[in-house]
Amino acid sequence: MLTPIWEAAEGHLSEARMLADAADCFALSRWSSSDRLRALAVQIAGKMEAIGLQDVRLIEAPADGRTAYAGWIMPRACDVRSARLTLLEPDGTESVLADWEREPISLMMYSHPTREGGVTAELVVADTLEEMTPDRVSGRIALFSGLGPALVLAALGAGALGVLSDCRNTRPPFKQGAALDGSREWHNYTMPLWEQGLRGFGFSLTPDQGREIRARLAAGERVRAHARVETRHYDGSLPLVSGLLRGENAEEIVLCGHFDEAGADDNGSQVAVALETARAIQAMMAAGQIPRLRRSVRLLFPMEARGFNALVQDQSETRHMVAGLNIDTVGTDQDAQHALCSLSDNFIALPSYTEDLAADLLRRTAAANPLFRWRRTTSELIDNIFGEPLISAPTPALWHDSATHHLDSDTPETLSGPMLRQMARLTA
């Protein structure tokens, strides 16, 4: 039964179209700014309508820094206008450490604005919470090697004006080695995204930049920098994009993958694969290769995790779901980079055939491409929340670990057309 569909889907998939869709997504998501992410949601909705999906809409959740769903606080909306960090050299010259307009990933998400004209301050290393003391960081910019809000809250609470991080969030055996030391880590949850009294900014440095600054400070040099950040924080809303390929009854199979992250692979690839899957299913029906759908297929693109945490509070949005597939970071060229495809099973409290079906299709993929590598893992907590027993729509997750995950090197040039085609074929 599977083989005719497997073979038919292959003939209706366009690598060029998926690469273009991923690039369109990246062009807006890379800025990590609420206004551009909303523009991206509108763009995706337009693509859904263009390929014939119905019930296309933006489902809004509050973005106020106060509302919480299942303990996860919704981020406050934040638009970025500009951000720049320069090192003030002893000879009076300046060298650029970070520039949002050239490298958007260099500004930590949810950074607050500096005063007009920016601030000038000394740099100090403070890698641990114990080092975040007022006598060490007050009135200065703190450099640490980690990520996550605990260090930032400690630094700002002790009077720091802002923070820098030169961390590499390694995922052994991925994202390791000197070849990556010139790239920046994306900090999407390091600056606090909730409403709180502390105000400050953050920049991401490369490990190479961090080593140079640390060496100069260790040698006793006084190192100063100038930071200028223009952002606007406000109460807004967070859009989730929804579209339906209607079947004969109300039951829904859900294809989901977030749209908000800064990279071309993470997140543009999953949007491209889901859209192409919808096109392929319609083309197969039009060609008489598969019958009319009995169940509907729902495409859902949220902000990762938080968008679905809000959605599942509304039973009217979830009551028709019977199964799904979460696709995440699926465009990495395994032949060119250190990467591995993972299939995460549904939650163990709700065993289902869905992950076995996905595993069978991955075995078919590997049989056709001996270089394709994959593994099967226990459940992950990402955008597969519909597999939670209270909703009971088994949703395994398909995702890749790769050398470019959350780095500024995750650009459209690193995507693989053949990998996108393989993942779209499996998804369809």
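**Helix H3**

I began with helix H3, residues 34-50, and checked its length: at 1.5 Å a residue, its 17 residues should span 24 Å, and I find the end C-alpha atoms 24 Å apart, so the two agree. A reminder to myself: this is a predicted model.

Next I asked which residues of H3 are buried. My list reads Leu37, Leu40, Ala41, Ile44, Ala45, Lys47 and Met48. Looking down the axis of H3, I see these buried residues fall within an arc of 160 degrees, so they line one face of the helix. On the other side of H3, I noted Glu49 and Ala50 as exposed.

What do the buried residues of H3 pack against? I found helix H2 (15-29), helix H7 (268-286), and the strands S1 (54-63), S11 (236-245) and S13 (296-301). I also looked past the end of the helix: Gly52 follows H3 and has a positive phi, near 95 degrees.

**Thr427**

I then turned to helix H11, residues 417-427, where Thr427 is found. Is Thr427 buried or exposed? Its relative accessible area is 10%, and under 20% counts as buried, so I wrote down Thr427 as buried. Setting aside neighbours within four places in sequence, I find Thr427 in contact with Leu255, Val273, Thr277, Leu325 and Ile327.

**Rings**

My search of the whole structure for aromatic pairs gave 3. One of them joins Phe201 and Phe203, edge-to-face, with 6.0 Å centre to centre and 65 degrees between the planes. I checked both partners for burial: Phe201 is buried at 2% relative accessibility, and Phe203 is buried at 0%.

I also looked for charges over rings. Arg36 lies over the face of Trp31, 4.3 Å from the ring centre. In another case, the charged end of Arg232 sits over the ring of Tyr234, at 3.9 Å from its centre.

**Cysteines**

How many disulfides are there? I count 0. To see why for Cys25, I looked up its closest cysteine sulfur, which belongs to Cys256: the distance is 15 Å, too far for a bond, given that a disulfide needs sulfur atoms within 2.5 Å. Cys25 itself is buried, with a relative accessible area of 1%.

I have Cys167 down as buried, at a relative accessible area of 3%.

Terms used
Residues are numbered from 1 along each chain as its sequence is written. This is a predicted model: local features need pLDDT of at least 70, side-chain atom pairs count only at pLDDT 80 or more; totals for chains, interfaces and linings use all residues. Side-chain values use heavy atoms; hydrogens and water are left out. Rings of Phe, Tyr and Trp (its six-membered ring) pair if their centres lie within 6.5 Å; planes under 30 degrees apart count as stacked, over 60 as edge-to-face and the rest as tilted. Buried means under 20% relative accessible area, exposed over 50%, partly exposed in between (1.4 Å probe, protein chains only). A charge sits over a ring if NZ of Lys or CZ of Arg is within 6 Å of the ring centre and within 35 degrees of the ring normal. Helices (H or I, at least four residues) and strands (E, at least two) are DSSP runs, numbered from the N terminus. Contact means heavy atoms within 4.5 Å. The expected span of a helix is 1.5 Å times one less than its number of residues. The arc is that of the directions from the helix axis to the C-beta atoms.
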